[in-house]
Amino acid sequence: KQWYQRRVREQRDKLKEEMSQYKRVFDADINIVTTYISVMSSKCQESESRLQESLNKTASLKETVTEITKTNAGLTEQLAKQRDKLSVLERSSTSLNHAQQQNVQLSQIVSETQKEVEACKQDLAMSAEEKDNLKRS
């Protein structure tokens with residue numbers, strides 16, 4: 001009977017020791033898993049933070065693109081107006097050049113006419129002088 005009780009006690013102590021060892025291994029595994037979960041949680045939070053920053057930057061860039069698009073539309077409209085003005089100026093320049101050419105031609109005609117008038121005046125003066133000379137004779 002003593003031998004049996006001693007044997008039971010030894011078995012119980014052995015089992016307690018094995019359970020204690022399993023508990024230490026299990027606790028160590030739990031610590032490893034807990035540490036891993038903590039590290040991964042921290043990394044997830046960092047990633048989430050970077051993702052939020054990226055989303056904010058994307059929203060900001062979207063606003064910037066929208067502003068640039070509006071500005072571009074405005075500039076395109078202004079460019080079209082400036083092209084229209086340029087077209088008007090080119091037509092005006094063509095008209096002005098034509099008018100200047102006509103002005104030069106008219107100036108030449110006026111100059112020739114003035115020469116002819118001067119020649120006529122001289123002829124008239126000479127005719128009047130001849131008439132006076134004839135009257136005296």
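Analyst: Arg6, Arg9, Arg12 and Lys16 gather in a patch of positive charge on the surface; such a patch is made of residues with over 30% relative accessible area and no salt bridge, like charges being joined within 9 Å, where a salt bridge is a side-chain nitrogen of Lys or Arg within 4 Å of a carboxyl oxygen of Asp or Glu. The model is predicted, with local features needing pLDDT of at least 70 and side-chain atom pairs counting only at pLDDT 80 or more, while totals for chains, interfaces and linings use all residues. Residues are numbered from 1 along each chain as its sequence is written, and side-chain values use heavy atoms, with hydrogens and water left out.

Arg12 is partly exposed, with a relative accessible area of 45%, a class that lies between buried, under 20%, and exposed, over 50%, for a 1.4 Å probe and protein chains only.

Turning to the chain, it has one helix and zero strands, and its C-alpha atoms fill a box of roughly 195 × 15 × 15 Å along the principal axes. Buried residues make up 0% of the 137 residues. As for charge, the chain has 23 positive and 21 negative side chains, with the centres of the two sets 18 Å apart; Lys and Arg count as positive and Asp and Glu as negative, without His or the chain ends, and each charge is placed at NZ of Lys, CZ of Arg, CG of Asp or CD of Glu.

Technical notes:
Patch = residues over 30% accessible without salt bridge, like charges linked within 9 Å, V, L, I, M, F, W, Y side chains within 5 Å. Areas by Shrake-Rupley, 256 points an atom, 1.4 Å probe, with all protein chains shown as cover. Helix = DSSP H or I, 4+ residues; strand = E, 2+ residues; numbered from the N terminus.
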